[in-house]
Every structure is written in structure tokens, then in C-alpha cells.
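Keep the picture at hand and look for each residue as you read.

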Amino acid sequence: MARDWADSGLDLHLVVDRTRKVASLEDGLRDAIASGRLAPGTRLPPSRTLAVDLGIARNSVAEVYGRLVAEGRLEARVGAGTWVADRPMPRTVTIAPVHRSTRFDLDLRGGLPDGSAFPRTAWAAATHRALSAASTAALGYAPTEGVEPLRAALAEYLARTRGVHAAPDAVVVTHGFGELIGLVARAVARRGGTRIAVEGYGHASHRDVLVAAGLELVPVPVDDDGLMTDGLDAASVDAVLLTPAHQFPTGVPLSASRRADLVHWAQRGGGLVIEDDYDGEYRFDRRAIGALQALAPEHVVYGGTASKSLSPALGIGWGIIPPTWLDDVLGERRRSGTATDAITQLTLAAFLEAGDYDRTVRTLRQSYRARRERFEEVMAAGAPDASVRGLAAGLHCLLELPAGVAEADVSAAAAARGLRIDGLAAYAADPALAGDRPPSMVVGFGAPPAHRFEEALAEVVRAIEVARVG
Ligand SMILES: Cc1ncc(COP(=O)(O)O)c(C=O)c1O
């Protein structure tokens with residue numbers, strides 16, 4: 001939206017040298033536009049007003065405006081005024097061509113939610129309710145562990161929907177799941193832990209966080225039953241990070257016997273399990289598996305996030321911390337100097353209390369289920385020798401490629417047309433493990449906006465065709 005300097009009272013700091021007022025006005029405006037201090041679309045004051053403010057002749061200001069218009073930095077409409085140009089740049093500059101392949105205007109990376117589904121109206125109403133009800137004290141610094149109404153609302157919600165054992169006191173609100181694992185990993189390291197097991201395929205940025213916390217990664221292979229727990233004893237690790245409800249990104253659940261093995265491993269040696277329940281609410285087949293944490297609340301840190309159900313833009317996640325680790329985790333958070341902003345927390349509490357979170361998840365579940373089904377239909381028709389793998393759940397699945405088609409070729413063919421889609425190898429924790437599963441694409445069917453979903457699927461079919469012949 002255009003910003004009107006004159007009407008809005010928008011202030012601009014211009015240093016005008018008294019001995020060369022006109023030249024320094026021109027330089028000052030040019031600098032402010034180049035640096036972005038004056039944003040594209042900002043309306044400049046009428047030359048008459050600026051002339052009075054600066055104590056120079058109106059004609060001089062008009063000449064400066066005229067020169068900047070000629071350079072393409074400003075735009076003038078007769079009788080209407082003068083604006084900073086949409087793309088202020090000297091007219092003589094030639095613009096380098098933008099390569100479509102690096103622009104990615106469609107994104108099918110695993111795990112991204114549909115941003116266009118964010119419940120803007122309900123969230124704005126919850127913000128209004130939260131702010132109206134908040135005491136002055138509530139608008140101070142948020143407590144390290146999170147605000148009390150949100151901890152209580154999350155404990156109730158997670159017990160009800162995921163079977164988690166959680167008293168409000170065990171809940172710690174964090175800046176997403178990413179912050180939570182950093183805190184837990186630092187706590188493990190401070191107690192002398194050195195090694196953490198991670199799934200053979202997973203989120204690279206999470207692995208980076210663990211390494212930055214000082215832990216050594218021990219990748220453990222995953223198969224159709226999830227993480228291969230029989231390797232844990234030999235791995236000699238202090239903790240395990242895994243996605244039991246819906247392995248990311250292979251899409252399988254951790255089998256019942258592996259869950260039991262994992263709990264026994266933790267109980268035997270005191271190891272810590274970190275459960276990433278990033279999309280546990282999105283099971284489409286009514287056979288939702290409850291949280292692993294319920295089997296061993298003393299040994300499992302349960303982590304969740306609003307990044308899939310609401311938006312990563314909120315930057316909010318939560319952990320349920322075993323009692324023997326709570327002080328350690330809070331100590332790490334205190335030392336990190338980070339807190340989650342209180343207004344967002346109070347809003348999320350109001351959103352949960354009103355049932356808006358449940359409603360949002362229910363709506364999204366239906367829409368993601370429909371997308372998943374449509375994806376299967378399109379692939380059955382367009383690439384019948386490729387197979388859709390992974391639970392009917394979440395925001396992503398695997399597409400096992402036809403024999404002879406390589407992941408890298410599909411990614412490259414898609415990228416040439418502006419579609420980002422990654423192969424399974426891109427998620428491998430250890431290059432030596434990449435290739436232990438059939439070549440597959442990780443398809444995040446949640447991310448494209450609804451009106452471009454069909455286009456995205458058609459591009460996947462086309463990319464496989466190109467990779468097949470190429
Ligand atoms: C496997 C997995 N876990 C957790 C998250 C959520 O992380 P955060 O809460 O930091 O957005 C994501 C988000 O992409 C994810 O893919």
C-alpha cells in the first residue's frame with residue numbers, strides 16, 4: 001500500500017547542509033531511496049511543504065524531484081503528487097535475467113503447511129480477546145517456561161488429543177520445535193552426554209541444532225517399521241531424537257514392538273528420548289497412534305509445534321519435559337536469553353480455549369486428506385509405475401520412482417520449471433546411508449495454495465516424464 005508522507009505525518013530524517021541545501025537534499029533523497037529508508041510507494045511531501053520545512057525555494061525542490069524522476073527513482077503524476085518508484089533504480093542499469101529455475105514459485109518440500117489456510121479472522125479475534133483480558137502485569141516479560149494460561153491449555157489439549165501425560169507445570173513454551181531440541185541437547189551435554197541417535201532420514205536443520213549444542217550425531221537406519229531400535233545399544237548414545245507417529249520424511253509409524261524396545265532402552269540405561277510429534281494430529285484413517293511419551297513420561301521429552309497447524313510465522317512450539325529434566329531445560333532457556341512473546345502465547349491460549357485450534361485442525365485434516373487422495377489419483381493416471389508410500393497422514397508422503405528414474409533428475413526437471421521438490425537422499429543424515437531405500441521423492445502436498453495444487457501435481461508428472469526420457 002502506498003504510504004503518504006504528507007497525510008500520515010511520516011517523518012524522514014534528511015541531513016541538509018546549510019551551505020549547500022539543494023545539493024544535500026538531492027543526495028539525501030537519493031541515499032534514502034537506495035537504502036530503502038524511503039520504501040517504494042512512499043508519497044513525498046508536496047514541493048511547497050518541503051521547501052518551507054527546509055527554507056529553500058520551491059522551484060529548487062521541484063527541480064530536485066524532477067531530476068530524481070528522470071533517473072527513475074521517483075514517479076510523478078500531474079496534479080496527484082510524487083512517489084518513490086516501485087523499483088527505484090537508475091534507468092541506465094540493465095537488469096540481469098532471473099533464472100526461473102532458482103525462483104521456485106511452487107514448493108513441494110516436505111512438511112510445509114498451506115499458508116493460505118491460516119485462520120486469520122479467528123486468530124485476530126483471539127488476539128483481541130487475549131489483549132482485552134490481559135492484566136498490565138501480563139504484558140511484561142514472559143516467564144521463562146511460558147505463560148500460565150497457555151501451559152494449562154496445552155496440557156489439556158495434548159492429554160485429550162494425543163494421550164500425553166502432562167501437568168501444566170511440565171509444559172515449556174518455546175520458539176518452535178527447533179528451539180526445544182536445542183535446549184534439551186544442551187541440557188544433555190551439560191550433564192556430560194556426548195552422543196545422540198537420529199533417524200537415518202530427517203530434518204537437516206534439526207541435526208545442525210544438535211551438533212551446535214555439542215552432541216555427536218549417530219545416524220540409525222529407518223525401515224518400514226521406523227527407527228531400527230536394535231542398533232541403539234551398540235550405538236552407545238545418551239539420547240535419541242525421532243518422529244514416532246509419522247517418520248519424517250519416509251512417512252511410516254514406529255511399530256508397536258519398536259516403541260516397546262525404545263522405552264526399554266530408556267528405562268534400562270537412563271537414556272533420554274525426544275519425541276518429535278510435529279504432525280501427530282493429522283492422521284486421516286482414524287487410527288491415530290497416541291504419543292510415545294504416554295508410555296514413559298519419565299524418559300520422554302514430548303515436542304510439538306504450531307508450525308503445521310497454524311503457521312511457522314508464529315514461531316511457537318512446546319515441550320512436555322520429564323520432571324528430572326525440567327530444571328535443566330529451564331536453566332538452558334534462561335541462559336539463552338530467549339523468551340516467547342507473551343502476546344502470541346496469550347492469543348494461542350485464547351484460541352485453544354475457544355475450541356478454534358480443534359476446529360482449525362479438523363478443517364486442515366479434511367483438506368490435507370483430500371490433497372493426499374488427489375495426489376494418489378493424479379499419480380495413478382499420470383505415472384502409474386510410481387508408488388505413493390507412507391501413512392495416510394500429515395502433510396507429506398513419499399513417491400517411489402519408477403525403475404531407472406533418478407531422484408536428482410526429477411528434482412532438476414522440476415526446478416527448470418520453477419517447482420521445488422527434493423529426493424529422499426536430500427534428507428539423509430549420513431551420505432553412506434543415502435540409497436538404502438528405493439529412490440523416492442518427498443512430496444509435501446500441503447504447501448501449494450489451493451488454486452495452484454493441480455498445477456503442482458501436473459508438474460510432478462511432467463518432471464518424472466522428463467527424467468524418464470532424459
Ligand atoms: C520433522 C519436523 N519436526 C518439527 C518441525 C517443526 O519445527 P518448528 O516448530 O521449529 O517449525 C518440522 C517443520 O518443518 C518438521 O518438519
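A polar contact is a pair of N or O atoms within 3.5 Å; inside the protein, one of the two must be able to donate a hydrogen and the other to accept it, and residues adjacent in sequence count only if both atoms are side-chain atoms. With that in mind, look at Ser-309: its side chain makes a polar contact with the side chain of Tyr-357, at 2.5 Å. You can find Ser-309 in the loop between β13 (300–305) and β14 (317–320). Is Ser-309 buried or exposed? Its relative accessibility is 3%, so Ser-309 counts as buried.

**The whole protein**

Please keep in mind that this is a predicted model. The secondary structure of the protein comes to 15 helices and 19 strands. The protein has 470 residues, and 51% of them count as buried.

**The ligand and its surroundings**

Where does the ligand sit? The ligand is found in the largest pocket. The residues around the ligand include Gly-176, Phe-177 and Gly-178, the histidines His-203 and His-206, and also Phe-248 and Asp-276. Which helix gives the largest share of the shell? That is helix α7 (residues 176–190), with three residues.

An oxygen atom of the ligand is 2.7 Å from a polar backbone atom of Phe-177. For Gly-178, a polar backbone atom is 3.0 Å from an oxygen atom of the ligand. With His-203 the side chain takes part: one of its polar atoms lies 3.2 Å from an oxygen atom of the ligand. Taken alone, the ligand exposes 390 Å², and the protein buries 84% of that.

To find Pro-249, look in the loop between β11 (239–242) and α10 (256–269).

Ser-236 is placed in the loop between α9 (232–235) and β11. With a relative accessibility of 48%, Ser-236 counts as partly exposed, because that category covers values between 20% and 50%.

**Positions in sequence and in space**

Now compare places along the chain with places in the fold. The table lists pairs of residues, with the C-alpha to C-alpha distance for each.

| Pair | Apart in sequence | Apart in space |
|---|---|---|
| Gly-146 and Leu-330 | 184 residues | 10 Å |
| Arg-374 and Phe-453 | 79 residues | 9.5 Å |
| Gly-470 and Val-410 | 60 residues | 9.9 Å |
| Val-61 and Gly-81 | 20 residues | 13 Å |

Let us visit one residue from each row. Gly-146 is found in the loop between α5 (120–133) and α6 (148–162). Its relative accessible area is 2%, so Gly-146 is buried. Arg-374 has its place in helix α13 (residues 356–382), and with a relative accessible area of 31% Arg-374 is partly exposed.

Gly-470 lies in the segment after α15 (453–469). Why does Gly-470 count as exposed? Exposed means over 50% relative accessible area, and the relative accessibility of Gly-470 is 89%. Val-61, in turn, belongs to helix α4 (residues 58–70). Because its relative accessibility is 0%, Val-61 counts as buried.

Note on methods
Residues numbered from 1 in each chain as written. Predicted model: local features only at pLDDT ≥ 70, side-chain atom pairs only at ≥ 80, totals over all residues. Heavy atoms only, no water. Near = heavy atom within 4 Å. Areas by Shrake-Rupley, 256 points an atom, 1.4 Å probe, with all protein chains shown as cover. 1 Å grid on protein atoms, 1.4 Å probe; cavity = no way out; pocket = protein on both sides within 12 Å on 5 of 7 lines; lining within 4 Å. Sits in = over half its atoms within 2 Å of the grid points. Helix = DSSP H or I, 4+ residues; strand = E, 2+ residues; numbered from the N terminus. Buried < 20%, exposed > 50% of the residue type's maximum accessible area, 1.4 Å probe, protein only.
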